[in-house]
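Here is a short briefing on a protein model. Look at the sequence and the structure first, then read the notes below.

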Amino acid sequence: MNPFQKNDSKETLFLPVSTEEVPPRPPSFPKQPSPKICGSNYPLSIVFIVVNEFCERFSYYGMKAVLTLYFLYFLHWSENTSTSVYHAFSSLCYFTPILGAAIADSWLGKFKTIIYLSLVYVLGHVIKSMGALPILGGQMLHTVLSMFGLSLIALGTGGIKPCVAAFGGDQFEEKHAEERTRYFSVFYLSINAGSLISTFVTPMLRGDVQCFGKDCYALAFGVPGLLMLIALVVFAMGSKLYRKPPPEGNILNQVVKCIWFAISSRFKNHSGDNPKREHWVDWAAEKYPKQLIMDVKALTRVLFLYIPLPMFWALLDQQGSRWTLQATRMNGNLGFFVLQPDQMQVLNPFLVLIFIPLFDLVIYPLVYKCGINFTSLRKMAVGMILACLAFAVAAAVEIKINEMAPHQPDSQEIFLQVLNLADDEVKVTVLSDENNTLLAESIKSFQNMPHYSKLHLKTKSQDFHFQLKYHNVSVYTEHSVEEKIWYTLIIREDGESISSMMVKDEENKATNGMIAMRFVNTLHEEVNVSLGTDASLIVGEDYGVSAYRTVQRGEYPAVHCRTKNEDFSLNLGLLDFGAIYLFVITNRTSQGPQAWKMEYIPANKMSIAWQLPQYALVTAGEVMFSVTGLEFSYSQAPSSMKSVLQAAWLLTVAVGNIIVLIVAQFSGLAQWAEFILFSCLLLVVCLIFSIMGYYYVPLKPGDVQGSTDKQTPQIQGNMIDLETKKTRL
């Protein structure tokens, strides 16, 4: 009797064979024992990898923290353009991991891929720093160097992103799986530590250090570049200690080909002559092995849930663009510390380090004790809702900022204020063309005007007649004005009489956290004012009016000035966030020239601390959505598809940044309305995701891992791969 014949009382020894083609398996790398850390089971080589990741994340997040303000203030782009390019760069950084994974898996291996793309990374930082040097060419050259440098940085950081963490996991032997799990926790900690420190330090390098008389963006980009160079050197130093697996073959390419073959076969056989298949991927069975088809089925189930995810990333990544721009219109003085607008981003990694153990050790156990089945998909849905609430709070903050900001003149309107620099009171009357009185008020000498007066025009431009009564003298003058412009009427002494001049305050607008100032010089000689910049501010003699100059917030107790005959200092006092000042240089006392200070536009009153609730909400949402989502996805995908799933997860981040780019360029909405739009869109997406999750049947770990145990044997040439089962002889 044939011992292998089927019998109901015995288990089968061999499974049936199949003639399906199987891609050859790569040779396994030699498992050489590597030095351990202090007698533990942790390989010494992971120290170099963790330090490398810390420096690389410092480099990336440090550069990115000041990027939006660099576009806005250095390249002088608009807020919408700055936001769009920022998110285009972020999106590119999450597209390039596909390229990095393909290079590592099919050609160079992880180690060489990290080395070569890190060199590209460093070169990108060097070019980006050169593009931030004011003395190097004009704006066109700065823009070209910046875009080229950012492209290289995106290729470098994205290319090594899928390789470094996996390469660290390769250093552990299979029997040390517990140590490998703890390594990934330390690895994630190094990411957030690098992000936390760099997001705090690089804005200080930008704002607190002056380069060529301006914010030092070259230093703010150069230091992250230096950290990336250190990351490369540290990683290369551990070369002899690493276990370096050879390239495993491009599984992503196999998955794409299998899916494409299944779709094309399905449409080619739509006539119904062929028998129906249980699943659409089964149409690839004629060419691809059964195990690959089973793995692709499991993968597509997870990818289907990925469809709504980009909207969450569209909200989360606006911390570095829209929220930073919002912070520039707020007061960063916290009493004990003055916070730069781009330093607010430090809250995200700081809160991540707090929230992860808080949720894992406190909140989730309490929820489970209450008898609530808080599944992974429910956690992700709650994370989306928290992000919705964060943007609703951001919209409320934006509305409050707009209420406290000065209004702008509309069509056929102007804003006018009068500055009386004569030595006595002057009564000012503004008359229209028909001699109707539009404004009448008495203004004392050097009186601080509390606000601008709004005047209506009949056309886009109009002549106004002014009657100035000074002592017993009446002076009539005429000035032309244009709509939508701020004006200052400066009254000055002219012998025994007075005269006036009309000055446009065209730059009298929101200055995004910077301080704007101008000078009026009543002295009889030209004054050269040094504001800590290479180019001095020249103020002409006899009531000359300077151009505006923007400076950083701070105390200015002794600003050096000089005339042809003497040097002196002016005490400008505290110049606060977002304010616009006028300084009148006078010599009315025996103490020498003094500066009389008038605040055109008051400083930002809204404290930057009001952004804390929206950062707390969006970070809590990130912890519940991102960490849980990645863990859930990995648990639902077969082991051979982990790298493919990582690439797909990063692609959702890229698509989310593209959504922000499109909305910023084409929505045309006010900022608060744009925040509401994103909040509502994510709420709708959350409802769709909840419905999809309700009908999703999770795979048990045994189902995913067990697929390998049920694999059908394959034939390669004349060799038969036989899979044995439990057998009773």
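D576 and R553 meet through their side chains in a salt bridge, 3.2 Å from N to O; a salt bridge is a side-chain nitrogen of Lys or Arg within 4 Å of a carboxyl oxygen of Asp or Glu. The model is predicted: local features need pLDDT of at least 70, side-chain atom pairs count only at pLDDT 80 or more, and totals for chains, interfaces and linings use all residues. Residues are numbered from 1 along each chain as its sequence is written, and side-chain values use heavy atoms, with hydrogens and water left out.

**Salt bridges**
- D576 is buried, with a relative accessible area of 16%, while R553 is partly exposed at 21% (buried is under 20%, exposed over 50%, partly exposed in between, with a 1.4 Å probe and protein chains only).
- The whole structure holds twelve salt bridges.
- Another one joins E79 and R329 at 3.8 Å, N to O.
- E79 lies in helix α3 and R329 in the loop between α10 and α11, so this pair ties together parts that are 250 residues apart in sequence.

**Strands β17 and β18**
- Strand β17 (residues 559-562) pairs with β18 in the antiparallel sense over four bridges; pairing requires at least two DSSP bridges.
- A hairpin of four residues connects β17 to β18, and R562 stands opposite D567 in β18.
- F568 and L570 form the covered face of β18, and D567 and S569 the uncovered one.

**Whole protein**
- The protein has 16 helices and 23 strands, which are DSSP runs (helices H or I, at least four residues; strands E, at least two) numbered from the N terminus.
- Of the 729 residues, 52% are buried.
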